[in-house]
Amino acid sequence: MSIVEPFIQQHVGPNYRIEKVIDGANNQCFKILSDTGNYFLKCFCEHTQNSHKKLVNEFQFTQLLHKQGIKDVATPIAYCEQNLVALYSLLPGQPIRRSSPTLVEDAFDFINRINTATYDLAIPKASDATEEVADFLKIVFNRLQRFSQIDTIEDVEVKTLLAQIEQRAKQISEQTLQWTLALECQHLSPSDFGFHNALIDADGKLAFFDFEYAGLDSYWKLVCDFFSQPKVPVDTNTFSSVSKLNVSPSFDNHKAEFLACFELTQLKWCLIMLNAFDPQIAQRRAFARHEYCFDSKSSNNQLSKTTMQLNKCKQYMQAIPEKLNVLDDILSAQHWKI
């Protein structure tokens, strides 16, 4: 019997069927179908730093939202710190493959609702929370520093891309901007917020998940990440939907600073795509792909996705200037109101 099966039986009952969810990149995810209902099981990699912190943070954040009547998240059932697993209700719906203006408005409606609820607990800062403009620079340079310490990267194209990202980040850092501008780091944020972490049901209703890095953050970082994540791209032309937010992030009042933060976020996502060349993160990816929790004999030898990630990163970088032009036009338009 697997180490997680007693945990499942305790909360689900003895009669259940397990189905692997293949979309998980860092963790093992499973559907649990049973006589008592359908559930979602998330198993964190024991070899990864901060797995315990992410497990607890995600469960408590989901619990926080659920207690305030936020219906478009899963119901938290239980978690086990020793075995690094958490159990939730199974959300209805299918993965979102393509963004749309309506879905963008629905996503920001979700952000409004979680930020108008009343919470009586102390909420920690989100991962890499941005309290001032300069924090966007720190995030990129910290990731570049981690890559500089990896001595196993031999691919010339990867090294070239890393050098280009570093050069551009340094150029941005030399711009005369209000780097110490405070960003109101007090808004509730899922952190890794985007349609890659959402489902849509038959009625077109959204549900959100994956709150490992959630907490208090600035709307600047939330919005930049939302329009930067590459798995389900959001058209920059729909940026005007940000005006639906209840609290004004004042992007237009500090346009130069926001454009710099947006470009730095795009560079950050380039580095995230190159994580396939980081041995530690590759170990986490391997864990997510095999059946370790339920079959100790499963092979860990998966086909490398490094070439695909390299090509995606190059294409993504080429598109950054056009996105910045579109965003600049929107923020400069006279009708732009927040």
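**Close-up views of a predicted model**

The protein comes to nine helices and ten strands; these are DSSP runs, with helices (H or I) of at least four residues and strands (E) of at least two, numbered from the N terminus. This is a predicted model, so to speak plainly about what counts: local features need pLDDT of at least 70, side-chain atom pairs count only at pLDDT 80 or more, and totals for chains, interfaces and linings use all residues. Residues are numbered from 1 along each chain as its sequence is written, and side-chain values use heavy atoms, with hydrogens and water left out.

**View 1. The whole chain, before zooming in.**
Of the 338 residues, 51% count as buried; buried means under 20% relative accessible area, exposed means over 50%, and partly exposed is in between (1.4 Å probe, protein chains only). The protein exposes about 16800 Å², and carbon and sulfur atoms supply 47% of that. Those areas come from the Shrake-Rupley method with a 1.4 Å probe, and for residues only the protein chains shown count as cover. Take the contacts with a separation of 6 or more: 75% of them are between residues 24 or more positions apart. A contact here means heavy atoms within 4.5 Å.

**View 2. The largest nonpolar core.**
This core has 79 residues, and the ones with the most contacts inside it are L65, F195, V223, F227 and F239. A nonpolar core is a set of buried Ala, Val, Leu, Ile, Met, Phe, Trp, Tyr and Cys residues joined through side-chain atoms within 4.5 Å. Elements that each supply at least two residues include α2 (51–67), α4 (134–148), α5 (156–173), α6 (219–226) and α9 (306–332). Helix α7 gives the most, with eleven residues. Zoom in on F195 and, setting aside residues up to four places away in sequence, you'll find that F195 touches I96, S99, L103, V104, A107, L206, F226, Q229, V232 and V234.

**View 3**
Strands β6, β8 and β9 make an open sheet in the order β6-β8-β9, with antiparallel pairing. The edge strands are β6 (94–95) and β9 (206–208), each pairing on one side only. Two strands pair if DSSP finds at least two bridges between them; β8 (residues 198–200) and β9 have three, and run antiparallel. Helix α3 (residues 101–116) lies across β8 and β9, at about 50 degrees to β9. For that angle, axes are lines fitted to C-alpha atoms (for helices over the stretch in contact), and angles run from 0 to 180 degrees between N-to-C directions.

**View 3. Helix α1 and its buried face.**
In α1 (residues 5–12), E5, F7, I8 and V12 are buried. Looking down the axis of α1, these buried residues fall within an arc of 155 degrees, so they line one face of the helix. The arc is that of the directions from the helix axis to the C-beta atoms. Strands β1 (16–21), β2 (28–34), β3 (37–43), β4 (76–80) and β5 (85–89) are among what covers them. Just after α1, G13 takes a positive phi of about 110 degrees. I8 also turns up in a second, separate core of 14 residues, which includes C43, V85 and L87 as well.

**View 4. Strand β5 and its partners.**
Five of the five residues of β5 are buried, so β5 is largely enclosed by the rest of the structure. With β4, the pairing is antiparallel over four bridges, and Y79 stands opposite A86.

L84 is not a glycine, and with a relative accessible area of 10% it is buried. S191 isn't a glycine either, yet has a positive phi of about 75 degrees. Find S191 in the loop between β7 (187–189) and β8; at 7% relative accessibility, S191 counts as buried.

**View 5. K159 on helix α5.**
K159 lies in α5 and, at 46% relative accessibility, counts as partly exposed. Leaving aside neighbours within four places in sequence, K159 is in contact with I153 and E154. K159 and F147 are twelve residues apart in sequence and 9.6 Å apart in space, C-alpha to C-alpha.
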